[in-house]
Amino acid sequence: MDLKPKRFLILDDQLVLRKLISRQASFFSRFAVEIDEFSDPAEALRSIGEGGYHLVITDIGMPGMNGIDFIKNVARLGYQSALLIISGYDGKTLQTIADMSINLGIGCTRFLSKPYSADAFVSSLNSIFNEMERSEAPLIDDIAQLLAELGGESFRMEFAPVRSLSSHKLASFSLRALRLPDGRRLAFDRLLALLAGRRMASAALLEIVVERTARLLQHIRLSAGIDDCRVDIRIDEACLCADNVFDRCSMALQQYEVSPACLGFELADGLNRRSDAVCFENISKIKYLGFHLLADGFGQGSLTVSNLMRLPFDQVNVPLEALQWMKALLGEDPGAFRLLKSFGLAQTPVCATGLEDEEGIALAQAMGCGMGAGDAVSMIVPEDELPLEVAAVPEGSPALIGSPVEGAR
């Protein structure tokens with residue numbers, strides 16, 4: 001448990017509801033929690049202005065200053081931590097208010113429609129703090145020194161298993177973080193964002209990680225006799241801007257006699273007319289060199305409808321938060337991803353990411369996702385335990401993701 005308590009502010013004009021939320025929050029076991037309760041939005045704003053809150057929980061329908069105006073004023077104070085909206089309004093309305101909050105600068109925003117279960121409340125808190133932990137920038141003073149450490153093989157990789165939601169059969173592993181010898185855990189997507197402004201740094205990191213992954217996959221083939229295990233690695237536009245980076249990745253796999261089909265690249269950055277031509281060349285290379293290309297962060301990242309229609313994706317990853325707003329718009333619809341047919345992705349597998357509890361898994365299945373990743377599916381696996389994880393797969397072999405998976409639309 002974190003030694004420093006997390007500070008919550010709860011705003012609701014109804015005493016009974018405010019006390020209920022406070023009691024539910026006090027049972028959140030992930031951290032010690034300190035709770036301040038307010039019935040008056042103006043008093044809550046004064047307290048927020050003094051700083052120190054990790055989460056603000058607010059109602060919408062209140063006399064005087066309503067919740068929408070309260071959120072606007074919270075943003076004006078420079079608050080950028082996290083917000084949980086709890087209200088009796090319908091899901092579409094709350095999603096619109098949440099989008100407003102995000103656009104105002106409160107990036108980590110969730111909502112719950114009344115009535116809700118205690119499990120749904122705890123799930124929202126877990127989702128909020130998972131996102132906040134992922135978004136924390138690593139404490140890096142010297143980028144050159146970091147790249148030297150990574151080049152010296154002093155790190156360890158950590159992976160999130162991706163499994164079928166019906167059979168629990170392994171589909172692939174997604175690289176999530178690098179662990180340095182001093183104990184620092186660097187989320188891979190945040191690390192790419194950190195390196196994006198330094199010329200060729202993202203491409204250098206990608207080559208280092210791919211070469212290490214190729215050795216790991218060779219070890220799995222030799223030790224477990226499994227040669228169709230796949231690892232997916234995040235890429236961004238900075239990676240795509242580098243000449244010949246995927247040719248060098250291909251050569252690394254050839255060196256260790258690993259099939260290119262054992263490697264996938266997850267792209268969340270959108271490409272447009274202002275993107276460098278080499279970006280589109282590298283997308284083509286990913287495909288003709290035999291790698292997989294995945295659309296990551298569907299509904300949340302910067303990938304546009306145009307990208308989905310033009311880029312040859314083999315899989316679509318959908319965060320739980322995107323599933324929640326899709327549910328608010330469509331209801332629980334197992335055909336929610338039928339629109340992918342319009343993008344030429346009719347047989348493309350859909351994977352739900354960030355699944356932290358059984359409720360998230362149930363939602364992913366109800367919305368037509370065939371695969372999932374997150375703590376509720378499988379815990380993070382360090383690279384030295386990956387061969388054991390692969391060997392323990394039901395039926396002894398990973399699922400082949402080059403073909404349609406059940407639940408895909």
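This is a predicted model: local features need pLDDT of at least 70, side-chain atom pairs count only at pLDDT 80 or more; totals for chains, interfaces and linings use all residues.

Me: OK, cavities to begin with. How many cavities of 30 Å³ or more are there?

Reply: The count comes to two cavities of that size.

Me: And how much space lies in the largest cavity?

Reply: About 50 Å³.

Me: Which residues line the largest cavity?

Reply: The lining consists of Val162, Ser174, Arg176, Asp232, Glu266, Gln315, Asn317, Cys351, Thr353 and Ala373. By type, the lining divides into three nonpolar, four polar and three charged residues.

Me: Which strands supply at least two residues of that lining?

Reply: Strand 7 (170-179), strand 12 (315-319) and strand 13 (350-353) each do.

Me: Is glutamate 266 buried or exposed?

Reply: Glutamate 266 counts as buried, because its relative accessibility is 2% and the cut-off for buried is under 20%. Arginine 176 is partly exposed, with a relative accessible area of 29%.

Me: How many salt bridges does the structure hold?

Reply: There are 21 salt bridges. Another one in strand 7 involves arginine 179, which pairs with glutamate 158 with the closest N and O atoms 3.1 Å apart.

Me: Where does glutamate 158 lie?

Reply: Glutamate 158 is in strand 6 (residues 156-164) and arginine 179 in strand 7, so this bridge ties together parts that are 21 residues apart in sequence. Glutamate 158 is buried at 10% relative accessible area, while arginine 179 is partly exposed at 32%.

Me: What about helices? Which residue does glutamate 207 form a salt bridge with?

Reply: Its partner is arginine 248, and the closest N and O atoms are 2.8 Å apart. Glutamate 207 sits in helix 8 (residues 201-224) and arginine 248 in helix 10 (residues 245-255), so parts 41 residues apart in sequence are tied together. Both count as partly exposed: glutamate 207 has 25% relative accessibility and arginine 248 has 33%.

Me: Changing topic. How many aromatic pairs are there?

Reply: The count is nine aromatic pairs. One of them is tyrosine 116 with phenylalanine 121, whose ring centres are 6.2 Å apart.

Me: Why is that pair stacked?

Reply: The planes of the two rings are at 25°, and planes under 30 degrees apart count as stacked, so the pair gets that label. Phenylalanine 121 is also buried, with a relative accessible area of 0%.

Me: Which rings are linked into a cluster?

Reply: Ring pairs link Phe8, Phe28, Phe31 and Phe129.

Me: Last one. What lies over the face of phenylalanine 31?

Reply: Lysine 6 does, at 4.9 Å from the ring centre. Arginine 7 lies over the face of tyrosine 53, at 4.2 Å from the ring centre.

Technical notes. Residues are numbered from 1 along each chain as its sequence is written. Side-chain values use heavy atoms; hydrogens and water are left out. On a 1 Å grid over the protein atoms alone, a cavity is a set of points where a 1.4 Å probe fits but cannot get out, and a pocket is an open set with protein on both sides within 12 Å along at least five of seven lines; lining residues have an atom within 4 Å of a point. Grid points are joined across faces, edges and corners, and a volume is the space filled by probe spheres set on the points. Helices (H or I, at least four residues) and strands (E, at least two) are DSSP runs, numbered from the N terminus. Ala, Val, Leu, Ile, Met, Phe, Trp, Tyr, Cys and Pro count as nonpolar, Asp, Glu, Lys and Arg as charged, and the others, Gly among them, as polar. A salt bridge is a side-chain nitrogen of Lys or Arg within 4 Å of a carboxyl oxygen of Asp or Glu. Buried means under 20% relative accessible area, exposed over 50%, partly exposed in between (1.4 Å probe, protein chains only). Rings of Phe, Tyr and Trp (its six-membered ring) pair if their centres lie within 6.5 Å; planes under 30 degrees apart count as stacked, over 60 as edge-to-face and the rest as tilted. A charge sits over a ring if NZ of Lys or CZ of Arg is within 6 Å of the ring centre and within 35 degrees of the ring normal.
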